Amino acid sequence: MKKFKKLISYVIPLRIEDVDTDQIIPARFLKEVKREGLGKNLFKDWRYNNDGSLNKTFILNNPNFSGNILLTGRNFGCGSSREHAVWSIIDYGFRVIISSFFADIFKENALNNGLLLVEVSNNFLKKLFSTIENEPKKKIKVDLLNQKVIIEDTEEFEEFYIHPYRKKCFLNGYDDIDFLVSLKKEIEIFEKKNIHLK
């Protein structure tokens with residue numbers, strides 16, 4: 001995983017609630033076993049019309065909006081469990097998703113794969129949507145170290161929660177195995193101290 005401490009970026013506002021994993025990446029693309037290249041199929045049925053032409057009304061196709069942060073409605077990632085949904089989001093270029101609630105299985109898949117999910121209050125989510133939709137070039141700072149989402153310029157912010165284990169993994173670029181390897185010295189010391197217990 002890539003290390004993550006702080007991100008300052010423009011934001012793409014997807015003001016839709018209950019976005020399920022089949023909408024994130026349709027089931028027909030689940031045969032892929034590689035993570036690379038899945039970004040082109042992110043929100044495939046929303047980004048393109050039935051004839052294959054670009055759906056100019058969809059937010060990802062709006063040239064006014066760009067960035068590595070996706071702002072979404074409540075209950076993002078509901079539906080069936082599929083890591084491909086997370087892989088496609090990461091491959092597209094997003095590093096952070098901000099919402100007021102994420103589906104549990106999607107949340108675990110995202111955190112395991114290095115996609116930071118930030119939960120904020122409904123009121124702050126509305127504030128972010130309003131700010132970004134009115135000023136597409138307004139930047140948002142996601143400060144993992146201090147666990148804050150900050151609107152650049154105005155310095156309005158809200159703190160967010162992340163489990164200490166997950167925070168350590170993101171800050172150091174660890175997946176679960178990397179984390180265990182990082183404890184090698186502590187494990188060896190423990191074994192030497194407790195060798196008489198064998």
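Q: How many bridges join E4 to E5?
A: Four bridges join them, and the two strands run parallel. Keep in mind as we go that this is a predicted model.

Q: OK, what about the open sheet with antiparallel pairing, what's its order?
A: Its four strands come in the order E1-E6-E7-E8. Here strand E1 (6–9) and strand E8 (157–159) are the edges, each pairing on one side only. Neighbouring strands in this sheet are turned by 10° on average, again with direction ignored.

Q: Can we zoom in? How many bridges are there between E6 and E7?
A: Four bridges link strand E6 (residues 140–143) with strand E7 (residues 148–151), in the antiparallel sense. As an example of facing residues, Lys 141 stands opposite Ile 150 in E7.

Q: Which helix packs on that sheet?
A: Helix H5 (residues 122–134) does, and it touches E6, E7 and E8. The direction of H5 makes about 35° with that of E7.

Q: Switching topic: what is the volume of the largest pocket?
A: About 370 Å³.

Q: Which residues lie nearest its centre?
A: Lys 2, Arg 35, Ile 90, Asn 113 and Gly 114 do, out of 16 residues that line the largest pocket.

Q: What classes do the lining residues of the largest pocket fall into?
A: Seven are charged, five are nonpolar and four are polar.

Q: And which helix gives the most to that lining?
A: Helix H3 (residues 83–92), with four residues.

Q: Tell me more about H3, then. Which of its residues are buried?
A: The buried ones are His 84, Ala 85, Val 86, Trp 87, Ser 88 and Ile 89. They pack against helix H1 (21–24), strand E4 (96–99) and helix H4 (104–112).

Q: What happens just after H3?
A: Gly 93 comes there, and it takes a positive phi of about 125°.

Q: I also spotted Phe 102. Where is it?
A: Phe 102 is in the loop between E4 and H4.

Q: Is Phe 102 buried or exposed?
A: Phe 102 counts as buried, because its relative accessibility is 0% and the cut-off for buried is under 20%.

Q: What is Phe 102 in contact with?
A: Leaving aside neighbours within four places in sequence, Phe 102 is in contact with Phe 76, Ile 97, Lys 107, Leu 117, Val 118 and Glu 119. Also, the C-alpha atoms of Phe 102 and Cys 78 are 7.4 Å apart, while the two residues are 24 apart in sequence.

Q: What about Leu 54, where does that one sit?
A: Leu 54 is in the loop between helix H2 (44–47) and strand E3 (69–72). It counts as partly exposed because its relative accessibility is 42%. Its contacts, apart from neighbours within four places in sequence, are Arg 47, Tyr 48, Asn 49 and Asn 61.

Q: Last one: how many helices and strands are in the chain?
A: There are eight helices and eight strands. Of the chain's 198 residues, 44% count as buried.

Conventions: Residues numbered from 1 in each chain as written. Predicted model: local features only at pLDDT ≥ 70, side-chain atom pairs only at ≥ 80, totals over all residues. Heavy atoms only, no water. 1 Å grid on protein atoms, 1.4 Å probe; cavity = no way out; pocket = protein on both sides within 12 Å on 5 of 7 lines; lining within 4 Å. Points joined across faces, edges and corners; volume = space filled by probe spheres on them. Nonpolar A, V, L, I, M, F, W, Y, C, P; charged D, E, K, R; others polar. Pairing = 2+ DSSP bridges. Axes fitted to C-alpha atoms, helices over the stretch in contact; angles between N-to-C directions. Contact = heavy atoms within 4.5 Å. Buried < 20%, exposed > 50% of the residue type's maximum accessible area, 1.4 Å probe, protein only.
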